[in-house]
Amino acid sequence: MDKNFKILIAGGDMRQMYCAESLAEKYDVYVKGFDREHFPDSMKSNELKNETDIKFDCAVLPVPPLDDDGMLSAPCFSGKISAYDIKKMLLPESVVFAGRTDGKLAEIFDDSEICDYMLREELSLRNAVPTAEGAVQIALEELPVTLNGLKVLIIGMGRIGTALAEILKGFGADITVAVRNRKGAARASIHGVKAVYTNKIDTDYGLVFNTVPTLIFDRSILADFGKETLFIDLASKPGGIDISSAAELGIKVIWALGLPGKTAPVTSGEIIAETIDGMLGERRETNA
């Protein structure tokens, strides 16, 4: 436990709030960029309302860290936060954790080490389950039929695709996974589901989950699907479905980005906190 190590959690959705709550068990944690109504009753962190003389060893920023205007992403805050203001609160040689970082963030925090926690394998593995559960929840809410016996297509047999297959098996769905190679087909076989190659996808499905951030469903392929098919895209930008063409064809597509933060913010926040704690531990060992 290092209560002398000061961490600023700035902006983000409720994942960041529960990340702060978890990190506060070991570190001196402050939170900025949340309206009071979003603070849990059990919150252990300190709310940072105004300018402060406190200097932080570390900042934890959201996924993604910046909005389209270059301001700190803060969907749970009625105001605006400049990333440059956060920079002023950091000690020299501080570390900045964020998800899906880019060159703009590195340009702003040029005196800090930038660490992308979304690139960590342990986070990706653990995040797959809440993502898959959230996707199935959407399907249950949107579909007019049961998952039991429904023909379901999953694009990709990676972490999320595998988690989806396991959950959907429990519902009795008729599952097929679209894969690119024999390795993916073998993984599907191990998990007890059918496999087809992505260039040989048929269109007789009531539900399609895409987990691959590459265009798979262009207009020509979508046109062969019925309007009753529900598409749920779980891939990060640019996604795998031509959404504008789908809309013109009358096909419903839900691009479900950031699902863990929406459907399981407590679990997701704890996963981020544990990942960051592990990364801080690695830095201490390296610098020892």
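## Helix packing, sheet order and local geometry in a predicted model

In this structure, the buried residues of helix 5 make contacts with helix 4 (121-142), strand 7 (151-155), strand 8 (174-179), helix 6 (182-190) and strand 10 (207-210). The model described here is a predicted one. The buried positions in helix 5 are Gly161, Thr162, Ala163, Leu164, Ala165 and Leu168. An α-helix has 3.6 residues a turn, so residues three or four places apart point the same way. Helix 5 itself covers residues 159-171, 13 residues in number. From its first C-alpha to its last, helix 5 reaches 19 Å, which is close to the 18 Å expected at 1.5 Å a residue. Gly172 follows helix 5 and has a positive phi, near 80°.

A separate element of the model is an open sheet of 6 strands, arranged in the order 3-2-1-4-5-6 with parallel pairing. Its edges are strand 3 (46-47) and strand 6 (113-116), each of which pairs on one side only. Helix 10 (residues 265-287) packs on this sheet and touches strand 1, strand 2, strand 4 (56-60), strand 5 (90-98) and strand 6. The direction of helix 10 makes about 140° with that of strand 5. Strands of a sheet pair through backbone hydrogen bonds, either parallel or antiparallel. Strand 1 (residues 2-10) and strand 2 (residues 27-32) run parallel and are joined by 6 bridges. Lys6 stands opposite Asp28 of strand 2.

Aromatic rings are considered next. The whole structure holds 5 aromatic pairs. One of them is formed by Phe225 and Phe231, with an edge-to-face arrangement, 5.0 Å centre to centre and 70° between the planes. Because planes over 60 degrees apart count as edge-to-face, the 70° of this pair places it in that class. Both Phe225 and Phe231 are buried, and together with Phe217 they form one aromatic cluster. Rings also meet charged side chains: Arg36 lies over the face of Phe39, 4.4 Å from the ring centre. The charged end of Lys151 is placed over the ring of Tyr205, at 5.2 Å from the centre of that ring.

Ala246 belongs to helix 8 (residues 243-248). Ala246 counts as buried because its relative accessibility is 0%. Leaving aside residues up to four places away in sequence, Ala246 touches Leu222, Ile251 and Val253. Ile232 is 14 residues from Ala246 in sequence, and their C-alpha atoms are 12 Å apart in space.

Glu93 has a phi near 60° and lies in strand 5. Glu93 is classed as exposed because its relative accessible area is 74%. Arg100 likewise has a positive phi, near 60°, and is placed in the loop between strand 5 and helix 3 (103-108). With a relative accessible area of 47%, Arg100 is therefore partly exposed.

Notes. Residues numbered from 1 in each chain as written. Heavy atoms only, no water. Phe/Tyr/Trp six-rings, centres within 6.5 Å; stacked < 30°, edge-to-face > 60°. Buried < 20%, exposed > 50% of the residue type's maximum accessible area, 1.4 Å probe, protein only. Lys NZ or Arg CZ within 6 Å of the ring centre and 35° of its normal. Pairing = 2+ DSSP bridges. Helix = DSSP H or I, 4+ residues; strand = E, 2+ residues; numbered from the N terminus. Contact = heavy atoms within 4.5 Å. Axes fitted to C-alpha atoms, helices over the stretch in contact; angles between N-to-C directions. Expected span 1.5 Å × (residues − 1).
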